[in-house]
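Here are my notes on the model. Please read them with the structure open.

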Amino acid sequence: MKRNFEKKANIYPQVVFVISTYNEDNSTNAMVAAWGCQANYDEIFIVLDKTHKTTKNILKTKSLVVSIGTKQYVSEIDYLGMVSGNQVKNKLEKVNFTTSKSKYVNAPIIDELPLSFECELESYDEEKEFLVAKVKNVLVDDSILTDSKIDITKLEPLSFDGFNSEYVIYSNKIAPSFKIGAKYLD
């Protein structure tokens with residue numbers, strides 16, 4: 001039986017993004033966002049409230065690094081999502097995250113997170129709070145590779161379950177895409 005449920009667009013999976021930027025004084029800042037997705041082959045779409053310190057930084061520097069949150073760092077990532085960069089200046093230091101300067105954009109890379117997208121701001125709609133970021137480089141740690149490909153079982157990316165306010169991971173491979181359905185081709 002199916003039933004009507006809450007009128008929320010909580011789509012699964014909602015990948016947990018950790019967005020890092022530089023503040024005006026060149027110190028680092030990061031926040032967590034789960035309302036985002038791939039917009040094109042080289043673009044990321046994220047809904048970002050204009051009051052976030054990170055949003056203000058992006059609009060000023062035109063740069064950001066989007067890293068995928070992982071199971072290994074769930075408590076650190078949760079903290080980054082709980083506190084505002086407008087009030088807490090040393091969020092990354094508090095969780096013992098270190099950063100490196102990106103070679104491609106004016107934003108810091110969180111060294112501990114193994115998959116990062118170095119991006120430039122493409123556009124930001126202040127009314128709808130929609131941000132589009134252009135990917136300039138993808139940085140991948142060798143620890144999540146198998147046969148030179150990203151291995152989701154090694155990455156263990158966090159997803160946000162909006163219905164239950166929980167972090168979950170989707171890491172089981174079940175079938176090869178564009179092959180398993182071939183049996184229905186004429």
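1. A disulfide is taken as a pair of cysteine sulfur atoms within 2.5 Å. By that cut-off, the whole structure has 0 disulfides. The sulfur of cysteine 119 lies 13 Å from the closest cysteine sulfur, that of cysteine 37, so the two are too far apart for a bond.

2. This is a predicted model: local features need pLDDT of at least 70, side-chain atom pairs count only at pLDDT 80 or more, and totals for chains, interfaces and linings use all residues. Residues are numbered from 1 along each chain as its sequence is written, and side-chain values use heavy atoms, without hydrogens and water.

3. Buried means under 20% relative accessible area, exposed over 50%, and partly exposed in between (1.4 Å probe, protein chains only). Cysteine 119 is buried, at 0% relative accessibility. Cysteine 37 is partly exposed, at 38%.

4. Next, helix 1. Helices (H or I, at least four residues) and strands (E, at least two) are DSSP runs, numbered from the N terminus. Helix 1 spans residues 53-61, and its buried residues are Lys53, Thr54, Thr55, Asn57 and Ile58. Their cover includes strand 1 (17-22), strand 2 (28-33), strand 5 (63-68), strand 8 (115-125) and strand 9 (130-140). Lysine 62 follows helix 1 with a positive phi, near 65°.

5. Last, a hairpin. Two strands pair if DSSP finds at least two bridges between them. Strand 12 (residues 158-161) and strand 13 (residues 166-169) are antiparallel, with 4 bridges. Aspartate 161 has glutamate 166 of strand 13 as its bridge partner. Between the strands are 4 residues, and serine 165 has a positive phi near 50°.

How values were computed:
Contact = heavy atoms within 4.5 Å.
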